[in-house]
Amino acid sequence: MDLQNIVERYLAAWNETDPAARRKLVEEAWAADGSYTDPMVATRGHDEFDATLAAVQAQFAGLVFRLGGPVDAHHNVARFTWELAPEGAEEAIVVGFDVLTATEDGRIASVVGFLDKVPSA
């Protein structure tokens, strides 16, 4: 199982701003009942996750998600740091840490996310 590729597809969905293309990425990468949970939201299924992506993109328009370091993986589980920043910027505005679990067929079964750095209000 190529967990690096699964993580890259996951981040690509966060960055895809075209609704139809984003939905296609979600359907290809996620199990139908896949879950996403972070301190702000808990979702299950394609519709809820896609709506979360759209909301985050609206809130952080013009920013992109990128890997913040190597993907650490074993079996069907990957953990990785991600960053949210303006395209090409060195310093990230938001930094988080996710744990992704994949299904046997290489789709995302679940992601549990943590926020390590957030902008002050």
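Asp72 is partly exposed, with a relative accessible area of 39%. Here, buried means under 20% relative accessible area, exposed means over 50%, and partly exposed covers the range in between (1.4 Å probe, protein chains only). The model is a predicted one, in which local features need pLDDT of at least 70 and side-chain atom pairs count only at pLDDT 80 or more, while totals for chains, interfaces and linings use all residues. Residues are numbered from 1 along each chain as its sequence is written, and side-chain values use heavy atoms, with hydrogens and water left out.

The side chain of Asp72 forms a salt bridge with that of Arg79, at 2.7 Å from N to O. A salt bridge is a side-chain nitrogen of Lys or Arg within 4 Å of a carboxyl oxygen of Asp or Glu. Arg79 is also partly exposed, at a relative accessible area of 44%. Under this rule, the count of salt bridges is 9.

Helix 2 covers residues 19-29, and Arg22 lies in it. Helices (H or I, at least four residues) and strands (E, at least two) are DSSP runs, numbered from the N terminus.

Glu27 and Arg23 join their side chains in a salt bridge of 2.8 Å, N to O. The two residues are 4 apart in helix 2, so about one helical turn separates them. Glu27 is partly exposed at 36% relative accessibility, and Arg23 is partly exposed at 23%.

A salt bridge of 3.5 Å, N to O, joins the side chains of Glu28 and Lys24. These two also lie in helix 2, 4 residues apart, which is about one turn of the helix. Glu28 has a relative accessible area of 39% and is partly exposed.

## Arg22 and its surroundings

Arg22 has a relative accessible area of 6%, so this residue counts as buried. The side chain of Arg22 makes a polar contact of 2.7 Å with the side chain of Asp50. A polar contact is a pair of N or O atoms within 3.5 Å; within protein, one must be able to donate a hydrogen and the other to accept it, and residues adjacent in sequence count only if both atoms are side-chain atoms.

A network of salt bridges links Arg22, Arg23, Glu27, Asp47 and Asp50. Leaving out residues up to four places away in sequence, Arg22 is in contact (heavy atoms within 4.5 Å) with Ala13, Glu16, Thr17, Asp50, Leu53, Ala54 and Gln57.

## Ile6 and Ala102

Ile6 belongs to helix 1 (residues 3-15) and is buried, with 3% relative accessible area. Ala102 belongs to strand 6 (residues 94-102) and is buried at 2% relative accessibility.

Beyond residues up to four places away in sequence, Ile6 touches Met1, Leu100, Ala102, Gly106 and Ile108. Ile6 and Ile108 are 102 residues apart along the chain, yet their C-alpha atoms are separated by 7.5 Å. With neighbours within four places in sequence set aside, the contacts of Ala102 are Met1, Leu3, Ile6, Asn76, Arg107, Ile108 and Ala109. Ala102 and Pro39 are 63 residues apart in sequence, and their C-alpha atoms are 21 Å apart.

## A nonpolar patch

Met40 sits in the loop between strand 1 (30-37) and strand 2 (42-44). Its relative accessible area of 70% makes Met40 exposed.

Together with Leu115 and Val118, Met40 makes a nonpolar surface patch of about 310 Å². Patches are made of residues with over 30% relative accessible area and no salt bridge, with like charges joined within 9 Å and nonpolar side chains (Val, Leu, Ile, Met, Phe, Trp, Tyr) within 5 Å. Accessible areas come from the Shrake-Rupley method with a 1.4 Å probe; for residues, only the protein chains shown count as cover.
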